[in-house]
Amino acid sequence: MAITDVTVMGAGVFGLSVAFACALRGAKVRVVERTGVAAGCSGGVVGMLAPHAPEKWNDIKAFQFQSLIAAEGFWGRAAELSGLPTGYGRVGRLQPIDTDRALELARERAETARGCWQGQAVWEVVDAPGGDWSPTSETGLVIHDTLSARIHPRSACEALAGAIRALGGEVVIGEAPAEGRVVWATGLAGLKALSDDREKQVGNGVKGQAAVLGLDARSMAQVAAGPVLIVPHENGTVAVGSTSERDYTSPDGTDELLDDILLKAGEVLPVLKAAPVVERWAGLRPRARSRAPMLGAWPGRDGEFIANGGFKIGFGMAPKVAEVMADLVLDGADHIPERFRVEASL
């Protein structure tokens, strides 16, 4: 009989979250990671947990909504067990409204959100708040939603690792045997392995660049304006991101594209212009062919599973991904939406 019930390969947010959910249900888990906790794109700096627009409601948006609602309890439990901060805070989000058409659409979405969000969060059109933390808006109006939250990616992953250990599990950096059921959550390496296995491209890496600014705005809402994401973190910094690059020379180098994002961020929130840049970050995010998370059994491999493709929304989806993967791995219960299945990217 295997000593370990579940081995999770990869210590990014998907791997750690699935291992955490399994451990909470009493399974003996082992996480195996080659280089370090959050060594890949889960070690990024932005950490905005935001919903898709509340329109054309479907099972995918419902899945994300449920995950964002579950996030406070999920990350709170990880912090409690590990004694480590996650940086989680449901601080909301502001989005400037610059055109009459955008205003009309925002009001339509507010109506949809009233039903789909079940009274647990609001999406509303309000006056720009004024003051230093008021995004530039051509109409003087902004969208305010209370579902969006923030997380500090690196801290959150360390907290998950600590919680797994507190529950009797292992997080091994290096090599260790895969015992029991095996979950592959290895990001880009996993997409390549599956592509090789199926002899077709099932996903790729998309580069993102972001920066951390030395400005304490921890009590403020996040701001999203087109490609510019502005996230005030609990540790007294502000993260600004991000680019989305399919063509690049260096996978982890920053360049003028990040400079452009910082310039635009200063136009959205002028208070950022004087803030010093304390870190520049770049990395490759795993994007499945379907653009959605890739979850389920590894085709043709008995007892092996895949949790990959969190591209941009991995931390926001993690609580619900962890739940459905634990259901599948431990109980054989399959609650994965069709678009999220591995086969959707094959």
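**Aromatic rings, cores and a buried serine**

Phe20, Phe74, Trp75 and Phe315 form one aromatic cluster, where rings of Phe, Tyr and Trp (its six-membered ring) pair if their centres lie within 6.5 Å, and planes under 30 degrees apart count as stacked, over 60 as edge-to-face and the rest as tilted. The model is predicted, with local features needing pLDDT of at least 70 and side-chain atom pairs counting only at pLDDT 80 or more, while totals for chains, interfaces and linings use all residues. Residues are numbered from 1 along each chain as its sequence is written, and side-chain values use heavy atoms, with hydrogens and water left out.

A search of the whole structure finds 8 aromatic pairs. In one of them, the rings of Trp57 and Phe65 have their centres 6.3 Å apart and their planes at 70 degrees, so this pair is edge-to-face. Trp57 counts as partly exposed at 32% relative accessibility, whereas Phe65, at 4%, counts as buried; buried means under 20% relative accessible area, exposed over 50%, and partly exposed in between (1.4 Å probe, protein chains only). The rings of Phe63 and Phe340 are also edge-to-face, because their centres are 4.9 Å apart and their planes stand at 80 degrees. Since Phe63 lies in helix H2 (residues 59-82) and Phe340 in the segment after H7, this pair ties together parts that are 277 residues apart in sequence; helices (H or I, at least four residues) and strands (E, at least two) are DSSP runs, numbered from the N terminus.

Trp75, a member of the aromatic cluster, also belongs to the largest nonpolar core, which has 67 residues and in which Leu16, Trp75, Val183, Leu295 and Met325 touch the most other members. Such a core is a set of buried Ala, Val, Leu, Ile, Met, Phe, Trp, Tyr and Cys residues joined through side-chain atoms within 4.5 Å. Helix H7 (residues 314-331) gives the most to this core, with 10 residues. Leaving aside neighbours within four places in sequence, Val183 is in contact (heavy atoms within 4.5 Å) with residues including Val6, Val8, Phe305 and Met325.

The segment after H7 also holds Ser345, which is buried, with a relative accessible area of 1%. A polar atom of the Ser345 side chain lies 3.2 Å from the backbone nitrogen of Ser290. Beyond its neighbours within four places in sequence, Ser345 is in contact with Gln201, Val202, Ala288, Arg289, Ser290 and Met294.

Notes:
Polar contact = N/O pair within 3.5 Å; in protein donor to acceptor, adjacent residues only side chain to side chain.
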